[in-house]
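Biologist: Please take a close look at one part of this model, the sheet and the helices that go with it. I would like one connected account.

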Amino acid sequence: MIVDERYKLNNGQRIPKVALGTWQVSDDEAEAVVESSIAAGYRHIDTAIAYGNEAGVGRGIRAAMETQGLHRESIFVTSKIPAEVKTHDGTVACIQESMERLDCFHTDMMLIHAPKPWDEMWKPGHNYFAENLEVWKALEEAYAAGKFRAIGVSNFDVDDLKNIMDECTVMPAVNQVRVHIGHIPYELIEFCEQNGILVEAYSPNAHGNLANVPAICSMAAKYDVSVPQLASRFILQLGLLPLPKSTHEERILQNADLDFEILPADMAELLEIDGL
Ligand SMILES: NC(=O)c1ccc[n+]([C@@H]2O[C@H](COP(=O)([O-])OP(=O)(O)OC[C@H]3O[C@@H](n4cnc5c(N)ncnc54)[C@H](OP(=O)(O)O)[C@@H]3O)[C@@H](O)[C@H]2O)c1
C-alpha cells in the first residue's frame, strides 16, 4: 500500500509517503481517529502544538501499538512549533511540552509552523529572519540530542528558506505548504526540489472544496475513485507528500486506497486547473 511506502529525506531518514492530517480534530476525537487510521495502514500522523490534540494523538498511537502489535519505530509523527513562538528558549520549552503531551517515546519530526506569527503572515513588513534562526538553532540542538529524526519548516517561502539555509548546520528536511489541484506553487516546489527539501502538501482537498469543481468530479468518476482519492494521488504523482484529513473512519480508509495511476493526459488536464 502506498500509505506504507516511504520517501527518503535529505538526512537519509525515511518518511511514509502519506500522512493523516489532524487540524480541526479535537483532542477527544484524536485518539479514535489516529488509532483507526493506523489500522487502515497509515504510518504517518501530522499534528501541531496549535491543533491542541497532541495528547489525543499520542493516546491513539499507543492504543494502535498495543492492539496492532506495532513497534513505535514503524509510525512517524510530526508536530510543529507555533508560528507565534520566535525565541530560542520559547522553542526549547515548546519541544519539552509537546513531547510530554504526545507521550509516545519520541517525536519523529518537528517543524516551524510558519515564518511569521499568523496575524502578520500574509502582510508585508517584519520578516522574522533573525527570530527564525533562533528557533532553528533550538531545533538543531534537539535534533543533535537525538530528540527528532528530522527537522523542517512549514509555510516558508524561498526567502525564508534561504535565510535558514545560509546559516544552518542541519538543512530543513521538509517544507509543508498548501498544494492541491488548482493551487501549485511551482517556483517554491522547484526551489525545494533543487535543494533536497521534500514538499509536503497540506490541504490536498482544498479543505473539501475540490468536490465543488465539476471537471475534478468527472475525472474522479472516470477512475472510479472519490475526489479526495484523486486529489492525494495527484499530489503523489507530483512527487510530493499529501496530508489528507478526515474524522470519518470510512473516509480515512478510502483516502488510504491510492494504488491507481492517473494517466499523463489526465494529469496534464488537472494541471491546467488554476485559481482554487
Ligand atoms: N502547516 C500548515 O500551516 C497547515 C495548514 C493547513 C493544513 N495542514 C495539515 O494538512 C492537513 C489537511 O488539510 P485540511 O485539514 O485543510 O484538509 P483537507 O484534507 O484538504 O480537507 C479536509 C476536508 O475534506 C473532507 N474529506 C476528507 N476525506 C474525504 C472523503 N473521502 N470524502 C468526503 N470528504 C472528505 C473532510 O471531512 P471530514 O473530516 O468530515 O471527513 C474535511 O472537510 C491538516 O489536517 C493538517 O494536518 C497544515
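Modeller: Contact means heavy atoms within 4.5 Å; axes are lines fitted to C-alpha atoms, for helices over the stretch in contact, and angles run from 0 to 180 degrees between N-to-C directions. Helices (H or I, at least four residues) and strands (E, at least two) are DSSP runs numbered from the N terminus. The model is predicted: local features need pLDDT of at least 70, side-chain atom pairs count only at pLDDT 80 or more, and totals for chains, interfaces and linings use all residues. Residues are numbered from 1 along each chain as its sequence is written, and side-chain values use heavy atoms, with hydrogens and water left out.

Two strands pair if DSSP finds at least two bridges between them; β8 (residues 174-178) and β9 (residues 198-202) have 5, in the parallel sense. N175 has V199 in β9 as its bridge partner.

Helices α5 (residues 158-167) and α6 (residues 186-194) pack at about 20°, with axes 10 Å apart. They are therefore roughly parallel to each other, a label for angles under 35 degrees. V158, L161, K162 and M165 in α5 meet L188, F191 and C192 in α6.

Definitions and conventions:
Parallel < 35°, antiparallel > 145°, perpendicular 65-115°, else oblique.
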